[in-house]
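Visitor: I am new to this structure. Please show me how to read it, one feature at a time.

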Amino acid sequence: KTKKQNGYKLQTLTSWLLKQEQDGVIESELTIVISSISMACKQIASLVQRAGISKLIGGQGAVNVQGEDQKKLDVVSNEVFSNCLRSNGRTGIIASEEEDVPVAVEESYYGNYIVVFDPLDGSSNIDAAVSTGSIFGIYSPNDDCLSLVDLEDTTTLDNVEQRCIVNVCQPGNNLLAAGYCMYSSSVIFVLTLGKGVFSFTLDPMFGEFILTQENIQIPKAGKMYAFNEGNYQLWDDRLKEYIDHLKEPGPNCKPYSARYIGSLVGDFHRTLLYGGIYGYPRDKKSRNGKLRLLYECAPMSFIVEQAGGKGSDGQQRILDIQPVEIHQRVPLYIGSTEEVEKLEKYLS
Ligand code: AHM
Ligand code: MG
């Protein structure tokens, strides 16, 4: 009887966060930051779902019925994310893929947390209604960094801007929380507070994220690989050998299956649930790969490690890398522990 009753008990993201707060996993202030992010994700989900229809009313580069310029969805998503974070009163600095430099939140609303995010990753998929996602990471301000900056020194960069850059450039090891929201056949919000990985599905009937998976563990190994093989000829020979091995693993072994959406959130989410490996390597043209350390690779690596997997640049743990600039790129290999370790052996 009790079991059946529990089956009907839906837990929302809000009530789950409050429980984490009660259990001492997070501070109440962080709950507010995460709630505002989930609010931004709900708004972006609705924008993404209506993308085709909005285009009919006024295409990009065109003027809509109110006479406003129609903006690209990634620009609008950035505004939605920034506005939610600026108005929560708990965020101090925000850094986005869409902004050249991190920005300080206006003093009246100033808080302590630093939020890094990619508001709409994989947006080239939008026109075909293929999965996209938002990615975020949350840090507390780094006091060591603050003391490095002479706030009286106006001869270098603008003070505020410099303070922001120094504060944001933290290794993934310092992350307090990270997550993503996938806009796909379902809208799924995946979150870690450094104690396991939890997933919430947006219930379109109630407009609430409902807890659907607790303590997600990535399979130790998995026979799916997700790389953009169109770049094969530009890759290092050792990487080519690794990929060739996946296709021809030996006489009695089945080859791996290729799966590639070209949308990090979607490719990562599948890898998290089914196991395998996702990779965006460096190549002859892009010496550091394509993906950004701060708001793509580090949050995803924090999540994968919390699920028992690995995130690597081929040599070292992504979370150990100290960023030197905001939009720094790094090669990324992420997924099941055994698969990432196998790749590291090939590259070493
Ligand atoms: P974006 O931040 O400009 O959207 O680019 C990131 C995306 C990832 O979602 C995806 O994994 C990758 O770029 C795909 O790149 P490619 O088309 O080179 O395979
Ligand atoms: Mg991106």
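Visitor: Which residues of α3 are buried?

Guide: A residue is buried if 20 or more other C-beta atoms, placed from the backbone, lie within 10 Å of its own. In α3 the buried residues are L30, V33, I34, S36, I37, S38, A40, C41, I44, A45 and V48. This is a predicted model: local features need pLDDT of at least 70, side-chain atom pairs count only at pLDDT 80 or more, and totals for chains, interfaces and linings use all residues. Residues are numbered from 1 along each chain as its sequence is written, while chains are lettered from A and ligands numbered from 1 in the order in which they are written.

Visitor: What span should helix α3 have?

Guide: Helices are DSSP runs of H or I, at least four residues; strands are runs of E, at least two; both are numbered from the N terminus. The expected span is 1.5 Å times one less than the number of residues. Helix α3 (residues 28–49) has 22 residues, so it should span 32 Å; its end C-alpha atoms are 32 Å apart, which agrees.

Visitor: What is the strand order of the open sheet?

Guide: Two strands pair if DSSP finds at least two bridges between them. The eight strands run β2-β1-β3-β4-β5-β6-β7-β8, with mixed pairing. β2 (103–104) and β8 are the edge strands, each pairing on one side only.

Visitor: Which residues stand opposite F200?

Guide: F200 in β7 faces F189 and also L211 in β8. β7 (residues 197–203) pairs with β8 (residues 208–213) in the antiparallel sense over five bridges. β6 (residues 187–192) and β7 are also antiparallel, over five bridges.

Definitions and conventions
Buried ≥ 20, exposed ≤ 12 C-beta atoms within 10 Å, placed from the backbone.
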